[in-house]
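Here is a walk through one structure, going from helix packing to sheet, core and chain contact. Have the coordinates open and follow along.

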Amino acid sequence: MKSLVKHRLFWPSAALVTLLVVNVVANPNFAKITVRDGQLYGALIDILRQSAPLMLVALGMTLVIATRGIDLSVGAVMAVSGAVALTIIDSPSSNPNSWGTVLIAILVAVLVALVLGAWNGFLVSVLGIQPIIATLVLMLAGRGAALLITDGFITTVNSDPLSFIASGYLLILPFAFFVWLAFVIIVGVIERRTALGMLTEAVGINPEASRLAGVRSRGIIWTAYIASGTLAGIAGIIYAANIKAADANAAGYLIELYAILAVVLGGTSLMGGKFSIAGTVIGVLTVQALDSTILFLGVPPAQSPVFFAVVVILVVLVQAPRVHRWGRSVAARFRGSNRGGKDDPPLEPAQPQKEVVR
Amino acid sequence: MPADTDVPPLVEMRGITIAFPGVLALDHVDFFLRPGEVHSLMGENGAGKSTLIKALTGVYTIDSGSIHVAGDERSFETTADAQDAGISTVYQEVNLCANLSVGENVMLGHEPRGLAGIDWKAVHVEAAQHLASLGLDLDTRSTLSAHSIAIQQLVAIARAMVLDAKVLILDEPTSSLDRGEVEQLFSVIRDLRDKGVAILFVSHFLDQVYEISDRITVLRNGQLVGEHLIADLPRDALVTEMIGRELTDLAAIADAGDREIDRSGAPVLSAQGMGRKGVLEPADVSVYDGEVVGIAGLLGSGRTELVRLLYGADRADSGSLELDGEAARVHNPRQAMAQGMAFSSENRRAEGVVSDLTVAENMILGLQAQRGWLKPIPKAERDSIVSEYMTALGVRPSDPTIPIGNLSGGNQQKVLLARWLATAPELLILDEPTRGIDVGAKADIQRKVAELSEQGLSVIFISSELEEVLRLAQRVIVMRDRRQIGELDSSDVDLDGLIDYIANTQEGSVAK
């Protein structure tokens, strides 16, 4: 039990489970899953489906944060990628309902996103520009570029293959869920089955020691930004597929902040170093569940940001080590005063407590 | 005008003890600072100088002992407490606001006020007066960062005077000053001393210490070695006190330094005129197969700078390098490693350990970096490397899965040694591998170095503990003031001879 509590994913998981339980208690329909045509539907299934864009972005953000960096441009990259893909599908010469067209569009869009990620990585790892500034450039310029690509309009398409990506089903679960699951596994395998994860952590924890130990920190940091850009590109396609439109202003709006939130909720420190992909998955599901909660409990739109903020503060507090210590010392005092009320001399229990505080 | 011992001390620190996890940084140290004296605090890295200063300035709280200032017992919880007691510090890195004006910096927090808030005119008038009392004529409206470090330090001292400091701590104030600037600083220091300010001076430049100090206190390994009037402590006695004589039983490796080295072949490494402007004057180094070359010199003598240039950790701007008799280029640590070099930095925490990673991960970091991320070290190989070095070096605790940050300094050092040995280097550069670690770990590390060099590994060994250098090395390069001042055969010189050489020898003269 004790080792379970000490596990780094214990508190993130506890926060997620608590959030889900609160929902179920408030409205038992939350946990209801119905089967239609052999496919599952329900609020929980929606969370799995809708979390795809944030999951992909947060996955890349985890790697970037592990190197002590941050990528603010992910939302803009999503906009660019969606614009590129839909412009190709929408072009007069192509057939929007052919899988070939859609696959080519996706490929080109993801390549563009990869290049944008590489640009960020170049600024950070080669030119040594602070990550927050380096990625701010693209955060601002990216949406402009996306608007240029769509000529300032919201490009809408009716493409069955594209819609399938966002709302189709594979077997009994949404296709989008399988997309993010696949990338979680791919990234997990690349990071943890090769030495990339460990070297990334080393660079994030102690860049100078890593340099002296011969670690190619430049390449490792660059890789993280490329991964972040690429994953944001895929997220942009899923987002566009979901609304069947490339909306340069709305696509991925503020998603960089939600992604950072999800990464931190998952237990990865913004100071860089040790990262947890499983933690990020839990963090994203928490954020997404919170989003659904707002809809499900019928919180009025005007109040939803405040509601969101309050819950985030609670979740962060639940995870804070200082709050844990405080909780323990309160518990110790409680036990102490109970005992003190009986036989023990009242001052004695205070003694070990002081040590806990130190 | 040396201060009189009869004057009652202004600052009395008695029995000061500060412990960090695994290390006793200060062990019942007494320190007395009298008004109207310049008192130098001497000691090698890890001796406890900066810990003592931090105890006096409220950065660290003391675990036991007492601090009296002007007769009153004080307990410093924060730096503000120390400032209230009249203690001001001027650091090597100036701790002022570079983007504010000189006058604003001098008067910060003590601005004269008029009816409409701060009276800026009066601020600059008063600031100018304070600066003038130090013999400085500056435009108080100029931005601080427009001035040299030397002037900035003088401004910091002026600020200390505004705070009505009775005690002024100068921590390495001269390290980035030129000769003229040092003179200017010293004349200000003498002035203040004559006005009755107690001055604590820390510098690793021996000449300056002897020029300015009235009294010297020496620390070593967290303990007080002695307090002396400057006239009673010749330089070689000071160096001896700083470095100490270690009486550990190391008989088994005592004769490593006398081993005959075959120098007929090409040296493993040969550097000619290796230098970098402002950092190190050109130096020559050669190391042969199975040889241990020691580098002796005090902290700041250029010994670390020299090996960093060899390893490519810093870029040399002069000199040429040959490895195994062939011209080579080493521009960065990766290239150095690829050519069989390994370098363990003196700064274990900042440049050695990767604290959140496990002991095992730290051990294989160098080897893994060499192979690249695509070729992870297979688990079986990794386990065998890790368990081999855990046993060979006696790492405690023997669990390789805990974060290295939880280990004591000595054990961290063993893990770092393992990291480098795992890369199978031809030349191992160890910069202060035994600093700040317990005696047992020191002996373990020395024994391993002696054993490996006997098997053919070439080693460059830097240590402040000259006995270690003499014990392990066949040849010793001596550095002082960022210059190579000579090279000795370790069998021709004993500890006293080496100390004398470091302290007194002029460039080019011959060892006794």
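## Two helices side by side

In chain B, helix α5 (residues 149-162) and helix α6 (residues 179-194) have axes that come within 10 Å and cross at roughly 10 degrees. That angle is under the 35 degrees cut-off, so α5(B) counts as roughly parallel to α6(B). Keep in mind that this is a predicted model.

Who makes the contact? On the α5(B) side the residues are Ala150(B), Gln153(B), Leu154(B) and Ile157(B), and they meet Glu181(B), Gln184(B), Leu185(B) and Val188(B) of α6(B). Sorted by class, that contact of α5(B) with α6(B) comes to five nonpolar, two polar and one charged residues.

## The sheet in chain B

Helix α5(B) also has a place against strands: α5(B) lies across β6 and β9 of chain B, at about 175 degrees to β6(B). Those strands belong to an open sheet of six, in the order β6-β9-β10-β3-β11-β12 (chain B), with mixed pairing. Which strands stand at the edges? They are β6 (87-90) and β12 (223-229) of chain B; each has a single partner strand, so one side of each is left without a neighbour in the sheet. From one strand to the next, the twist averages 20 degrees.

One pairing to look for is Val90(B), whose bridge partner in β9(B) is Leu170(B). Another helix of chain B, α1 (residues 49-56), lies across β3 (38-42), β6, β9, β10 (198-202) and β11 (215-220), running at about 150 degrees to β9(B).

| Strands | Bridges | Direction | One bridge pair |
|---|---|---|---|
| β1(A) and β2(A) | four bridges | antiparallel | Ile33(A) and Gly42(A) |

## A hairpin in chain A

Strand β1 (residues 33-36) of chain A runs antiparallel to strand β2 (residues 39-42) of chain A. Two residues lie between the strands, and in this hairpin Asp37(A) takes a positive phi near 50 degrees.

## The nonpolar core

The largest nonpolar core has 258 residues, and the ones with the most contacts inside it are Val57(A), Ile238(A), Ala259(A) and Ile429(B). Helix α12 (residues 217-243) of chain A supplies the largest share of this core, 16 residues. Leaving out residues up to four places away in sequence, Ala259(A) touches Leu54(A), Val57(A), Ala58(A), Met61(A) and Val74(A).

## Trp420 of chain B

Is Trp420(B) buried or exposed? Trp420(B) has 23 other C-beta atoms within 10 Å, and 20 or more is the mark for buried, so Trp420(B) is buried. The residue sits in helix α14 (residues 409-421) of chain B. Apart from neighbours within four places in sequence, Trp420(B) is in contact with Ala342(B), Ser344(B), Gly366(B), Pro425(B) and Leu428(B). Ile364(B) is 56 residues from Trp420(B) in sequence, yet 8.7 Å away in space, C-alpha to C-alpha.

## Where the chains meet

The contact takes 20 residues from chain A and 24 residues from chain B. On the side of chain A that touches chain B, α10 (196-205) and α11 (207-212) of chain A are the elements that give two or more residues. Of these, α10(A) gives the most, with six residues. By class, this side of chain A divides into ten nonpolar, five polar and five charged residues.

How values were computed:
Residues are numbered from 1 along each chain as its sequence is written. Chains are lettered from A and ligands numbered from 1 in the order in which they are written. This is a predicted model: local features need pLDDT of at least 70, side-chain atom pairs count only at pLDDT 80 or more; totals for chains, interfaces and linings use all residues. Axes are lines fitted to C-alpha atoms, for helices over the stretch in contact, and angles run from 0 to 180 degrees between N-to-C directions. Angles under 35 degrees count as roughly parallel, over 145 as roughly antiparallel, 65 to 115 as roughly perpendicular and the rest as oblique. Two residues are in contact if their C-beta atoms, placed from the backbone, lie within 7 Å. Ala, Val, Leu, Ile, Met, Phe, Trp, Tyr, Cys and Pro count as nonpolar, Asp, Glu, Lys and Arg as charged, and the others, Gly among them, as polar. Two strands pair if DSSP finds at least two bridges between them. A nonpolar core is a set of buried Ala, Val, Leu, Ile, Met, Phe, Trp, Tyr and Cys residues joined through C-beta atoms within 7 Å. A residue is buried if 20 or more other C-beta atoms lie within 10 Å of its own, exposed if 12 or fewer, and partly exposed in between; C-beta atoms are placed from the backbone.
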